[in-house]
Amino acid sequence: MYTVLVVLLLLVSLVMATSILLQAGQGGGLASLGGGSGTEMVMGGRQATTLLHTITWWCAGIFLFLALILAVMSSRTSVPRSVLEGGAAPAPVQSAPLPIQSSPLPIQSSPAPPANTAPQPPQPPQPPPPNR
């Protein structure tokens, strides 16, 4: 039943969007604030109700009614609304951190130069070993 109403809601929305887009502009609304509507809106001119206008109003009413019915139907479901309400067993918690898998590289210290010799100039960087 719920799926049928959702499909019906989609069809009504497509018909309503089509009927709105097929209507001719009437120059009202926000467009009239800039003075582009002439004297029609000021003098209270009304246009005749067309078939598209009637279809739009009926589709809007049916759309609102179906949306209300679907909202009530979805609020009365017995499905839990969140994972916490589901009652599933919690995942086991790790009690201690895992050991480190790799050991850090040892730090190689360079020997200190003898105290009575002059400092040596810096050596150029050595190229990296070739990849195998």
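**Pairing of helix 1 and helix 3**

The cover over the buried residues of helix 3 includes helix 1. Here a helix is a DSSP run of H or I of at least four residues, a strand is a run of E of at least two, and both are numbered from the N terminus. Buried means under 20% relative accessible area, exposed means over 50%, and partly exposed lies in between (1.4 Å probe, protein chains only). The model is predicted, with local features needing pLDDT of at least 70 and side-chain atom pairs counted only at pLDDT 80 or more, while totals for chains, interfaces and linings use all residues. Residues are numbered from 1 along each chain as its sequence is written, and side-chain values use heavy atoms, with hydrogens and water left out.

The protein contains three helices and zero strands. Along the sequence the pattern is α-α-α. Of the 132 residues, 8% are buried. The accessible surface is about 12,500 Å² (Shrake-Rupley method, 1.4 Å probe). Carbon and sulfur atoms account for 68% of this surface. Contacts (heavy atoms within 4.5 Å) were also sorted by sequence separation. Among those with a separation of 6 or more, 80% join residues 24 or more positions apart.

Helix 1 covers residues 2-22. Its end C-alpha atoms are 30 Å apart, which agrees with the 30 Å that its 21 residues should span at 1.5 Å a residue. The expected span is 1.5 Å times one less than the number of residues. Five residues of helix 1 can be named on the buried side: L5, L9, V12, M16 and S19. Viewed down the helix axis, the buried residues fall within an arc of 95 degrees, so they line one face of helix 1. The arc is taken over the directions from the helix axis to the C-beta atoms. The face turned away from this buried side carries exposed T3, L10, L14, L21 and L22. Helix 3 is included in what covers the buried residues of helix 1.

Helix 3 covers residues 51-75. Its 25 residues reach 36 Å from the first C-alpha to the last, close to the 36 Å expected at 1.5 Å a residue. Within helix 3, T56, C59, L66 and L70 are buried.

The largest nonpolar core is made up of seven residues: L5, L9, V12, M16, C59, L66 and L70. Such a core is a set of buried Ala, Val, Leu, Ile, Met, Phe, Trp, Tyr and Cys residues joined through side-chain atoms within 4.5 Å. Helix 1 and helix 3 each supply at least two residues of this core. Helix 1 gives the most, with four residues.

L5 is in contact with L66, I69, L70 and M73, leaving aside neighbours within four places in sequence. L66 lies in helix 3. At 6% relative accessibility, L66 counts as buried. With neighbours within four places again left aside, the contacts of L66 are L5, L8, L9 and V12. L66 and V6 are 60 residues apart in sequence, yet their C-alpha atoms lie 8.2 Å apart in space.

S19 is found in helix 1. S19 has a relative accessible area of 2% and is therefore buried. Beyond neighbours within four places in sequence, S19 is in contact with L52, I55 and T56. The side chains of S19 and T56 are joined by a polar contact of 3.0 Å. A polar contact is a pair of N or O atoms within 3.5 Å; within protein, one must be able to donate a hydrogen and the other to accept it, and residues adjacent in sequence count only if both atoms are side-chain atoms.

T56 belongs to helix 3. Its relative accessibility is 13%, so T56 counts as buried. The side chain of T56 also reaches the backbone oxygen of L52 at 2.7 Å. Not counting residues up to four places away in sequence, T56 touches M16, S19, I20 and Q23.

T50 sits in the loop between helix 2 (40-43) and helix 3. At 44% relative accessibility, T50 counts as partly exposed. T50 and Q23 are 27 residues apart along the chain, and 9.0 Å separates their C-alpha atoms.
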